[in-house]
Amino acid sequence: MKLLLLEDDDLLAESLAESLKDSGYLVDLAASLSAARSLMATEHYELAILDIGLPDGSGLDLLADWRGQQRSTPILLLTARDTWEDKVVGLETGADDYLTKPFHEAELLARLKALLRRRSGQFSTQLSLNGVQLNEGSQTVTVAGREEQSLTATEFRLLRYLMHQPDRVHSKEHLLDQLYTLDQDAAASNLVEVYIGRLRRYVGKSLIQTRRGQGYTFVSH
């Protein structure tokens with residue numbers, strides 16, 4: 001699951017990106033409004049974390065632009081401003097949540113997970129679909145009461161993404177984009193097939209189906 005982090009404080013951005021990576025997310029970093037606009041024009045993100053005070057303007061302007069374009073991407077605002085008026089402005093502009101600096105990274109991660117659960121209709125840290133239980137906290141999977149299996153970070157990201165969007169056909173290119181960030185070296189073209197094969201050993205071939213010439217889909221029933 002790929003996120004966009006717009007933050008011009010290099011130390012904070014790197015720290016947050018590392019914490020998010022440890023929690024199974026991928027993060028593309030932007031340090032300016034122009035960089036964030038360029039990324040949003042070409043990449044698909046499940047959620048964006050926006051700082052308000054930036055060197056080339058306000059994150060609120062960017063937020064207003066995105067909502068004006070009917071983008072429904074969940075937005076978590078970060079700001080050093082702590083008055084209730086600022087929070088109201090942010091939420092009325094279209095933010096889904098608001099976090100004031102300084103903050104504990106654990107709180108940011110909890111708010112982020114809540115936003116993603118709300119968007120997907122899930123209200124638990126465990127995704128349950130067609131006999132598969134994916135525990136987002138422990139990054140483990142259980143199928144039909146069998147023994148719990150630990151997943152690698154990449155296996156977890158891919159299975160979570162497929163389960164959050166079941167019955168949709170995802171191309172290999174799109175899934176690869178969810179597994180690797182822009183600043184990483186290009187991945188092997190067969191990487192998706194490799195990880196799909198691994199996941200099928202956990203959940204069964206019938207649940208993750210191939211659509212010839214199109215991609216893969218997780219079957220919800």
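This is a short chat about local features of the structure above.

Reader: What kind of model is this, and how are residues numbered?
Author: The model is predicted; local features need pLDDT of at least 70, side-chain atom pairs count only at pLDDT 80 or more, and totals for chains, interfaces and linings use all residues. Residues are numbered from 1 along each chain as its sequence is written, and side-chain values use heavy atoms, with hydrogens and water left out.

Reader: Which residues of helix α3 are buried?
Author: In α3, residues 59-68, the buried ones are Gly59, Leu60, Leu62, Leu63, Trp66 and Arg67. Buried means under 20% relative accessible area, exposed over 50%, and partly exposed in between, with a 1.4 Å probe and protein chains only. Helices are DSSP runs of H or I with at least four residues, strands are runs of E with at least two, and both are numbered from the N terminus.

Reader: Where do the buried residues fall, seen down the axis of α3?
Author: They fall within an arc of 160 degrees, so they line one face of the helix. The arc is that of the directions from the helix axis to the C-beta atoms.

Reader: Is Gln70 buried or exposed?
Author: Gln70 is exposed, at a relative accessible area of 67%.

Reader: And Asp167?
Author: Asp167 also has a positive phi, near 60 degrees. Asp167 lies in the loop between α6 (153-164) and α7, and is partly exposed at 42% relative accessibility.

Reader: Which residues does the cis peptide bond join?
Author: It joins Lys101 and Pro102, with omega about -5 degrees. Pro102 is in the loop between β7 (97-100) and α5 (105-120).

Reader: New topic. At what angle do α7 and α8 pack?
Author: Helix α7 (residues 172-179) and helix α8 (residues 191-203) pack at about 80 degrees, with axes 9 Å apart. Axes are lines fitted to C-alpha atoms, for helices over the stretch in contact, and angles run from 0 to 180 degrees between N-to-C directions. That makes α7 roughly perpendicular to α8, a label for angles of 65 to 115 degrees.

Reader: Which residues make the contact?
Author: Lys172, Leu175 and Leu176 of α7 meet Leu191, Val192 and Glu193 of α8; contact means heavy atoms within 4.5 Å.

Methods:
Angles under 35 degrees count as roughly parallel, over 145 as roughly antiparallel, 65 to 115 as roughly perpendicular and the rest as oblique.
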